[in-house]
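Subject: Structure handover

Hi,

Here is the structure you asked about. Please open it alongside these notes.

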Amino acid sequence: MKLRGFLIPTIVLALPLLLVAQSDATATEEYPQRVYHTQRVTTEVPVIDGTPNEAAWNLVEWSGGYMQFEPNPGDPPTRRTFIKFLYDDRNLYVAYRCEDDQPELIEQRMARRDQFPGDWVELNIDSYHDKRTAFSFTVSASGVKSDEFISNDGNNWDSSWNPIWETRTQIDSAGWTAELRIPLSQIRFSAGADQVWGIQSTRRDFRMDERSIWQPRSRTASGWVSRFGELRGLRDLQPRRTLEVQPYVVAQRSTFPAEENNPFVDGTDNRLSAGLDARVGITNDLTLDLTINPDFGQVEADPGALNLDGYQIFFREQRPFFVEGQNIFEFGLSDAQAGGRHTSDLLFYSRRIGGSPHRILSSNAAGRYYVDQPNNTTILGAAKFSGKTKSGLSVGLLESMTEREMATLDLAGERSETVVEPMTNYQVGRIQQDFRGGDTYVGAILTGVQRSLNDDPELGFLHREAYSGGVDFTHRWDDRSWYVAGNTVLSSVSGSREAILQTQTGFEHFFQRPGAEHLSVDSTATRLNGSSGLLKVGNLGGNFIFETGATWRSPGFEINDIGFMRSADEINYFGWAARRWQEPFSIFRRFQVNGNLYSTFDFGGASLGQAANFNTHANFTNFMRAGTGATYVVYRASKTDLRGGPLLRQSPGYEYFGYVVSDNRKKATIGTQGYSFQSFDGTERQRSMSFFVQWQPFDAASMNLEPTYSTFDRADQYVTRVEGESGPEYIVGAVDQRTFSTTLRLTYNLTPDLTVQYYGQPFISQGRYRDFKTFTGDGLASTFGERFVAFAADEVTYDMESDSYLLGPAGRYRVGNPDFNFIQFRSNMVLRWEYRPGSELYLVWSQGNTASGNPGQGLLHSLGNNIFSEDVRNNFLVKVTYRWLR
């Protein structure tokens, strides 16, 4: 099916939704902008003890007038809130009075930093006054701090930002109070005799599940930072250049089972290391972050995952240096929710830096030689230069160098070394310029990777250089309701003929795919170029909202040296529209209905997928939440299912999902969600079900438990490719995969700054194959039976000695047994003490195990037998950091 076969119906179906959205675009209520006039403290400054009764606070008035934002926008809140501001040359001081006629019922739940437990108040400061970015400071009634950097007019909230600031709270007979001291060095602003900052304040009334805001805003209006009130009276402030230095020391001991005769696995490993993080304010607008020999020992382990489709698995970044400020470098290749399907394709994926070495060696199974190889590449150092000027220019530069890594081989006591990863340099540069008060911005990005391969012929399969560069823009109008946005990117990778041939024939590209006339393999090429882009238009104002657009990635587009891309050679069309009810009615607090249409093609015009989706989500007046949706998959085909073979049509079908979550104000919150897909001919079925419990038995302790069970049954799962008499033969089989995992988190807060947390996840995925088949060669045949032919019963023989199958007449093809039983257990226990602002002590115990069980054994029985096997590795770590701030 070619391009036009689905594009015209998509446009026709979308037009009525777009017209309705346009007619409702102005259905928003306008509120006048509020202004607070602060004063400079010239006498004794307030003591931050949670009670704003010092004489300095009498210099300014309380400002109330908070209005509901949820659930009844524009109505007076159930309980009143008041705020005050003072400042001096070094700090901004904030005081809150949160009235409550039942102070004994104020929810004082404890949690780790950035968890937003119980009752809380929040302050957002747009100190740039660019109407796009802001700094957020939140304190709960229990004293837990949360802080975030807000960007893209409130569409991005980055909780990795951890400034140094001070706060205290108190409960009294009238409710609760809070005081904040925010050093001016922790926020950025430009010099000016008379400053004007944007401000917004939010209070969460936990019992009522109510949010009230200082600057009223319509629920149907788009934008957040652009609708702030103003803080005035900030005179003769001198921007302060930050200087922060944070050295660390780590002592680590690992224990694991010793391996007989292996000199590299003797049962213990002891290490002592040190490093340094620093932040230097070049100006108050621009900051340089540095790290030398960074340590990530306290980072939570990645969850277990295993898929059979061949695509890369995306893991979120958790390392502090790369997490903090990562929004500056964000450049999504495609729409974040194109057609209802989440995508993770990114031009910059920081986990490429310091990842596992590309060349993998392993000890010989017969014990002839042993290998000692690093699990990760050492990051020698990294630097980030970032900030935003008064003129609205945002800048982000990142540079990182990783070490040349060697593996040590032991052959009968004789040692030698071989390279497994070259020295590599990574760079990212990002700029954005605001226009029209932030309603329009344009940006650009450049990325680069250079590998030192001159002396390492063993690594000739790697790209010597990889570059990408692109531009993006967003333009908003009609009170920021309407927008058009887009980007385009060019990529180029170069290296040896071996490296470029491997890229052309690799999973993301498959240039060798038979029948793809627009593709051809060039075995002499030493460079590969490509392009990517996005264009979309939408309206987010009013109760009807929509978006439609298209993305593309050309066949030669390649960014996986520093980015994340699952597949090239695609054109995606998408459109969605929604009707939302944001004020309570009947049994609903909020209600929304969404519709999605999307279709995908390759650059040769062949259809890869067409589907329509409907989903709905509701918040109820009893404080429960629920949602459901269904997708009709009209057509689907895969470029990758045969791993370089012809385009393979997959049977159409339908999918649906649903979830229910109980009242999260209770001590115990429970929820469940389920998903199902089934092809119409029964050749593929997917099911998943998860259940979670969040229990807070008392304010200082919490437990989160989330077991998940999924099944995957497919009649044409790829097994291998073999050489037949007339060319390659593709062997598939019916797979029965079962996966179970449980995530457990236990947290205990001794104080807001002293926390103990346990994380554990057992994971098992088991698959068994049967009913082996061969591909007929007609990948686009309309029925399953025309695409595959099953081997007869007498053409399938299992060879127990070699654990393989003999398939075909006279056992023509030998295929290894594809059954699997993958078991993994990851856990850690972390005691974190912030003994002074920004300075921390970590005590960490982590435990891990990976095993292979018997695929014929029961799922839970196999998990129980292997989860605490003899191969368990224990790591004990002590880390101390000291943060010095000038």
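How many residues lie between E4 and E5 in the hairpin they form? There are 3. Keep in mind that this is a predicted model.

E4 covers residues 81–87. Of its 7 residues, 7 are buried, so the strand is largely enclosed by the rest of the structure. Thr81, Ile83, Phe85 and Tyr87 point one way from E4. Phe82, Lys84 and Leu86 point the other way. Note that Lys84 is among the buried residues.

E4 pairs with strand E5 (residues 91–99) in the antiparallel sense, over 7 bridges. Within that pairing, Leu86 has Tyr93 in E5 as its bridge partner. E4 also pairs with strand E2 (residues 39–40), this time in the parallel sense, over 2 bridges. There, Arg40 stands opposite Tyr87 of E4.

Strands E44 (820–836) and E46 (873–881) each give two or more residues to the patch. Trp833 sits in E44. Its relative accessible area is 40%, so Trp833 counts as partly exposed.

**Gln694**

Gln694 belongs to strand E36 (residues 684–698). Gln694 is partly exposed, at 37% relative accessible area. Beyond its neighbours within four places in sequence, Gln694 contacts Lys667, Ala668, Thr669, Met703 and Asn704. Phe876 is 182 residues away along the chain, and the C-alpha atoms of Gln694 and Phe876 are 28 Å apart.

Best wishes

Definitions and conventions
Residues numbered from 1 in each chain as written. Predicted model: local features only at pLDDT ≥ 70, side-chain atom pairs only at ≥ 80, totals over all residues. Heavy atoms only, no water. Helix = DSSP H or I, 4+ residues; strand = E, 2+ residues; numbered from the N terminus. Buried < 20%, exposed > 50% of the residue type's maximum accessible area, 1.4 Å probe, protein only. Contact = heavy atoms within 4.5 Å. Pairing = 2+ DSSP bridges.
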